[in-house]
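Please walk through the model below.

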Protein chains: 2
Amino acid sequence: MHSAYATIVQLTQMLGNIVGWLDKAEAHAKAKTFDTAVFLSARLAPDQYPLVRQIQSACDAAKFAGARLAGKEPPKNPDTEASLPEIRKRIADTVAFLNTLEETDFANAKDRLVPLPWMPGKAMTGYDYLTQLAVPNFFFHLAHTYAILRHNGVNLGKQDYINTLTLKDL
Amino acid sequence: MHSAYATIVQLTQMLGNIVGWLDKAEAHAKAKTFDTAVFLSARLAPDQYPLVRQIQSACDAAKFAGARLAGKEPPKNPDTEASLPEIRKRIADTVAFLNTLEETDFANAKDRLVPLPWMPGKAMTGYDYLTQLAVPNFFFHLAHTYAILRHNGVNLGKQDYINTLTLKDL
C-alpha cells in the first residue's frame, strides 16, 4: 500500500512541525519573561530525557530510518545543542538530509537487512525495522517533545501536532 | 512496501503493550499503597486528557483506522471506564475487534474515501487518512499514556514501549 519512502516523507513533515511548537514556546517564554533555554532541560520524570534530547532523538530516529533504508551514510550529529536556535538548526539539518533522499533510493528497502549497532550480530529486515522500531521510536520522542512543552505551559493543540491534512470533497 | 493491514496489526500489537504498563502501574500503586484509580485521572497539563481518556483515544484511533479502512462498522464504546479493570477490558475488546479484521478486508483500503465526521463534506483517501491522521494520532495517545505513567513514578523503559522485535542473525 505505501512505500518506505512515503513513510520517511511523513516523518519528515512531522519533524518539521516541531518548529511551530518552538515558535509558540518562544512566545510563551517571552510573555512570561524567562529564558527559552529553560525548556531544553525540562523533563517529565527525573530519569527521562529532557526536551533537548527528545528532539535530538526524534531527529535521529527519522535520520537513521531514512539513511538505513536508502542505503546512505547518515550525517553525524554530536548532540551538542544547548540553545533553541541550535536545536532549530538540528531539525533543519535533519529535514534537509531527509529531503535529499529520493523514492528510487528505497527500491530495496523492504528486504534490506538493517544491522542493529547495539545488538552485534543481529539485524532486522527494512520492513520490520521501519514498522516495529523506527516509526514507534520517532513518534515516542515527537510526542514527548509535545508533552514536555504542554506540561510547561505552552499553548499547543492537536492542530499543531497533526498540522496539514490532505482533504478531498465528498 | 506494506499494506494497511500490516499497519493495523502493528498498532494492535502496540495497543496490547499498554497491558504490561498497567501491570507495572498496579505493582507501583500496591508498593506505595495508593488506589490504582488515581492513575486514571492523572494528566500532564490541566487542559490535556487524563490517562483514562488517553487510553480510550489510543483504542479509538486504532479501532476507527481498522474499521474505516476495512469498510466495517466499528463497535461502539461509551467511554464510561472508571477503573483499571474496566480500562483493561476496553483495551482487550479493541484488540479483539481488530483481530477479527483480515488482510483481504483491506484490499481497497488505499483508495477508499474516509469521511471525516467532524468535517462535513470532507474526506481523505485511506492512504492519507492512515498516514497523516490515524497513525500519528494513535502514537500521540500511546506515548502520552506512557508519559503520564512515567511522570507518576511507574518504572517503565523503552523495552516496555517497543516490546517485541523480529530479529535476524547477520
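Contact here means heavy atoms within 4.5 Å. The model is predicted, so local features need pLDDT of at least 70 and side-chain atom pairs count only at pLDDT 80 or more, while totals for chains, interfaces and linings use all residues. Residues are numbered from 1 along each chain as its sequence is written, chains are lettered from A and ligands numbered from 1 in the order in which they are written, and side-chain values use heavy atoms, with hydrogens and water left out.

Two copies of a chain are related by a rotation about an axis and a shift along it.

Secondary structure is taken from DSSP runs, with helices (H or I) of at least four residues and strands (E) of at least two, numbered from the N terminus. In chain A, the axes of helix 1 and helix 5 come within 10 Å and cross at roughly 10°. Axes are lines fitted to C-alpha atoms, for helices over the stretch in contact, and angles run from 0 to 180 degrees between N-to-C directions. Helix 1 and helix 5 of chain A are therefore roughly parallel to each other (angles under 35 degrees count as roughly parallel, over 145 as roughly antiparallel, 65 to 115 as roughly perpendicular and the rest as oblique). Among the helix 1 residues that take part in this contact are Leu11(A), Leu15(A), Ile18(A) and Trp21(A), and on the helix 5 side the residues include Phe138(A), Phe139(A), Leu142(A) and Tyr146(A). By class, this contact of helix 1 with helix 5 of chain A has 15 nonpolar, two polar and no charged residues. Ala, Val, Leu, Ile, Met, Phe, Trp, Tyr, Cys and Pro count as nonpolar, Asp, Glu, Lys and Arg as charged, and the others, Gly among them, as polar.

A second pair is helix 3 (residues 51-70) and helix 4 (residues 84-100) of chain B, whose axes come within 10 Å and cross at roughly 10°. Helix 3 and helix 4 of chain B are therefore roughly parallel to each other. The contact of helix 3 with helix 4 of chain B has nine nonpolar, three polar and three charged residues.

In chain A, helix 4 has 17 residues and reaches 25 Å from its first C-alpha to its last, close to the 24 Å expected at 1.5 Å a residue; the expected span is 1.5 Å times one less than the number of residues. Buried residues of this helix include Leu84(A), Arg88(A), Arg90(A) and Phe97(A), where buried means under 20% relative accessible area, exposed over 50% and partly exposed in between (1.4 Å probe, protein chains only). Helix 1 (4-32), helix 2 (37-40) and helix 3 (51-70) of chain A are included in what covers the buried residues of helix 4.

Phe39(A) lies in helix 2 of chain A and counts as buried at 2% relative accessibility. Beyond four places in sequence, Phe39(A) touches residues including Ala25(A), Leu51(A), Leu149(A) and Val154(A). Ala65(B), in helix 3 of chain B, is buried at 0% relative accessibility. With neighbours within four places in sequence left aside, Ala65(B) is in contact with Ile8(B), Asp60(B), Tyr129(B), Leu130(B) and Ala134(B).

Two residues of chain A reach across to chain B. Gln132(A) lies in helix 5 (residues 126-151) and is buried, with a relative accessible area of 9%; its contacts include Met124(A), Gln10(B) and Ile162(B). Lys158(A), in helix 6 (residues 158-162) of chain A, counts as partly exposed at 31% relative accessibility, and its contacts include Tyr146(A), Asn137(B) and His141(B).

Most residues other than glycine have a negative phi. Asp79(B), in the loop between helix 3 and helix 4 of chain B, has a positive phi of about 60° and is partly exposed, with a relative accessible area of 36%. Asn163(B), in the loop between helix 6 (158-162) and strand 3 (168-169) of chain B, has a positive phi near 60°.
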